[in-house]
Amino acid sequence: MKKVLLTMLVCVTTLSATAHGIATPSKREQHKLWYGAPAKRWLDALPIGNSHLGAMVYGRTDVEEIQLNEETFWSGSPHDNNSPEAKAHLQAVRDSVFAGKEEAAHAILDKYFFKGPHGMRFLPLGSVKLAFDYDSKESPAIYRRELNLDDALNTTTYIIGGVKYERTVFASQADNVIIVQLKAGKKGRLAFDVSFDSQLHAEVFTVSEHEGISGTVNELAAVVDGVEQEGIKAGLKAECRIMVECDGKVARKATSIAVDDATTATLYITAATNYVNYHDISGNPVKKNNQTLASIKGKTYKQLLKSHLEKYQEQFNRVSLDFGGNSLSSSFPTDIRLSAFDGTDLDLVALMMQYGRYLLISSSQPGGQPANLQGVWNDKKNAAWDSKYTININAEMNYWPSMVGNLVECQQPLLSMIRDLSETGATTADVMYGCKGWVAHHNTDLWRIAGPVDGTTWGMFPTGGAWLTTHIWQQYLFTGDKQLLADYYPVMKGAADFLLDYLQKHPKYGWLVTNPTVSPEHGPVGKRTTVTAGSTMDNQIVFDVLSQTAQAAKILGKDNSPLSILNSQLSQLPPMQIGRYGQLQEWLWDGDDPKDEHRHVSHLYGLYPSNQISPYTHPDLFTAAANTLKQRGDMATGWSLGWKINFWARMLDGNHAFQIIRNMFTVIPDSVEWGGHGGTYPNLFDAHPPFQIDGNFGFAAGVCEMLVQSHDGAVHLLPALPESWLEGEVKGLRARGGFIVDENWSEGELRSATIHSTIGGVLRLRSYVPLQLKKGPKGIVLKEAQGNCPNDLLAPADVKTPLHSPELKSLQLLPIRPVYEYDIETEAGESYEVRSKN
């Protein structure tokens, strides 16, 4: 049905284009989400943001709505959620787990470890509404609303009574405001009222005199109160300001501003709270807004637009992806394209990848808060899972595209939060466990809580903070930035120190393991609890954190004594194990169910985002990972599908990765907010359901991983290209070692690649086709690689040989496609072009 629909659409458009002499849609059109009707619901609206502010634009013609969020507007106030009763009962929990009495351990944990509040929630600020007054009673004609990823502009156009109306909305990073420009095609035909409303208690008024700041009749203000939650009093207030300029008449009403007889009008929207940091709420939102509005005083709309474009495009334009051909698919509304997707509309794949990059740019900038479970967009007073930071997969997934997608600075807010958690988590580690270092569990919020939340099944995950620190190391691998490593080394070491104290010797196996812990949200066959010791994911995270800290200490010339301790503990960690079904075991014992299609595939952390499972060093682990993936199935929640794209890319299976992409393009109606399998909403938001932005980021990272990988000893060109992606070109992807990669291919094979070296060093290239050096500095040669890669930034993981279950009868190893490997000694600032010999 989908294929028939798309074929009909293409035929109609082709005939129309031929008859009217219309050119094929330009490449610029390929980066647009567009629709032929206004948004009916929030999940139809289109997102804009500058990290500090987020907005959803509905594009309505009667009463336009621009729903707002401010990144620091959360419930509650500074607090912690540490249970002082936990430490006294920790040994009883550990004894119960080691004795095989995990359910008894679960009961103790529930009773004594979960005493505090369960995290605060991200709040909606409110909505700016524009109620239009038209001379004509005609219905709108020739309607279109769109979001252009090339310039981050949201536009709505339509005709009423022979007058064309146009609205442009954008969120400027450069000037920290949301700007709305409205235009009428005929003089004096623009009339509307500006108002503000909120689900929360709010005082709305036009500004005349406000805290000593003289206002004018064209300014509207709203003071919105935060809320109490779980006994934590409300500590935040937000102020939203809307300044209106126009070439017509402006009149002040009690709680709104009226514009009449105008041709052009411009709104400037800003908002702020009294939040300073996780322990300081002494800020003044009024002064913050005054400063923002004062900073744009005297600037024209054209100047503000220009500064917005310069700031945004410097990031967005770093990466391009084109699948070639002259696709007409962008001639159709995005919701129609999504419904019709059958695998042939590759421009939609490129659009979705770039949409993920757009959303990260729009929700995570230096100096701000990290992108939360919904980025910086939420319309609900009680958001799903509070729209917090779920750090047993979701918050980490948000930042997967930041490195390979060439948006390194977008990860800064996450690094800042990790530093905060290293402070709050030090108290948690001491109070709850009597351990040195710091810990965070499976969730945190604006106040940087580090204790467990929600209950044992979900919350007894003591390696969430440890996992976060791997992002510091990955940024070092991608950039070679030793100053970053030095700045954050204490944070990495603190996570390692906690683990060194927390690890316990398993009485049966003799390995050092975490106890208590869980494999996120999932339990083994025969147990009615998730509580365990030494889950495979924990073992993999501990391996990464200890080994990365040891490597960082060596690079930075730290004292050798901590190195010997780290290396000693590393040698005592459990190896990965292959179970009786040929699967990678999720637990120390063989408790997997081959028919279980649980959304979490946590034990494949070692495959992605880590690099502990390689086809070249441990093909049996690689095969076991494939068996696990097949057993878990190809459908799941939206974020899980995003992870599976990356999994299959790392399995070097582009066709299977593309099948997951096709599954992710399953349309989830905007009316479905909970339940069912995952997919995509009409506005291309990821659907768990409900909406979670991590799936969008996972998708973007997954497509990038299909096109370049650099985790396993080389920069692998086109490692997982699907057979149907016959031709294309990608530019600007980042690889470890400080390399930036451009590639083009045809007939399903690499034709050429240009690699720019930002820091110098050996570039080891891996390719499915033989290569020759086409361009580079004088004297540079491309030589066949010998031995291990000499560039440590590209080094594979050195893991133990896995154990095989005695019940495993045979393990048919996956065939590995032959590769060619070459080395180039690069210089910083130089570029190198290689071409296929075929």
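Me: At what angle do helix α10 and helix α12 pack, and how far apart are their axes?
Reply: Two packed helices are described by the angle between their axes and by the distance between those axes. In this predicted model, helix α10 (residues 412-433) and helix α12 (residues 464-479) pack at an angle of about 135 degrees, and their axes are 10 Å apart. The crossing of the two helices is left-handed.

Me: Which residues of α10 and α12 make the contact?
Reply: On the side of α10 they are L414, L415, I418 and L421. On the side of α12 they are L468, T469, H471, I472 and Q475. The residues of this contact comprise 6 nonpolar and 3 polar ones, with no charged residue.

Me: How many of the residues of α18 are buried?
Reply: A residue counts as buried when its relative accessible area is under 20%. Helix α18 is mostly covered, since 8 of its 11 residues are buried. These are G654, H656, A657, F658, I660, I661, N663 and M664.

Me: What covers the buried residues of α18?
Reply: The covering elements include α7 (346-363), α17 (638-650), β27 (679-680), β28 and α19.

Me: Which residues touch the most other members of the largest nonpolar core?
Reply: A nonpolar core is a set of buried nonpolar residues joined through their side-chain atoms. The largest one here has 241 residues, and F196, V349 and W725 touch the most other members. If residues up to four places away in sequence are not counted, V349 touches F323, F341, F658, I661, F665, F699, V703 and W725. A second, separate core of 11 residues includes L153, F170, Y268 and Y301.

Me: Let us turn to the backbone. Which peptide bond at P609 is cis?
Reply: The bond running from Y608 to P609 is cis, with omega near 15 degrees. P609 is located in the loop between β26 (577-578) and α16 (619-632). Another cis peptide bond joins H688 and P689, where omega is about -20 degrees. P689 sits in the loop between β28 (686-687) and α19 (694-707).

Me: What is the phi angle of I142, and where is I142 placed?
Reply: I142 has a positive phi of about 50 degrees, although I142 is not a glycine. It is part of strand β6 (residues 141-148). With a relative accessibility of 68%, I142 counts as exposed.

Me: What is the phi angle of A152, and is A152 buried or exposed?
Reply: Phi of A152 is near 55 degrees, a positive value in a residue other than glycine. A152 lies in the loop between β6 and β7 (153-160). A152 is buried, because its relative accessible area is 7%.

Me: Where does G776 lie, and why does G776 count as partly exposed?
Reply: Partly exposed covers the range between buried, under 20%, and exposed, over 50%. G776 has a relative accessibility of 40%, and therefore counts as partly exposed. Its place is the loop between β35 (771-775) and β36 (783-784). Leaving aside neighbours within four places in sequence, G776 is in contact with S831 and Y832.

Me: How far apart are G776 and N398 in sequence and in space?
Reply: They are 378 residues apart in sequence. In space, the separation of G776 and N398 is 36 Å, C-alpha to C-alpha.

Notes
Residues numbered from 1 in each chain as written. Predicted model: local features only at pLDDT ≥ 70, side-chain atom pairs only at ≥ 80, totals over all residues. Heavy atoms only, no water. Core = buried A, V, L, I, M, F, W, Y, C linked by side-chain atoms within 4.5 Å. Buried < 20%, exposed > 50% of the residue type's maximum accessible area, 1.4 Å probe, protein only. Contact = heavy atoms within 4.5 Å. Helix = DSSP H or I, 4+ residues; strand = E, 2+ residues; numbered from the N terminus. Axes fitted to C-alpha atoms, helices over the stretch in contact; angles between N-to-C directions. Left-handed = near helix turned anticlockwise from the far one by under 90°. Nonpolar A, V, L, I, M, F, W, Y, C, P; charged D, E, K, R; others polar.
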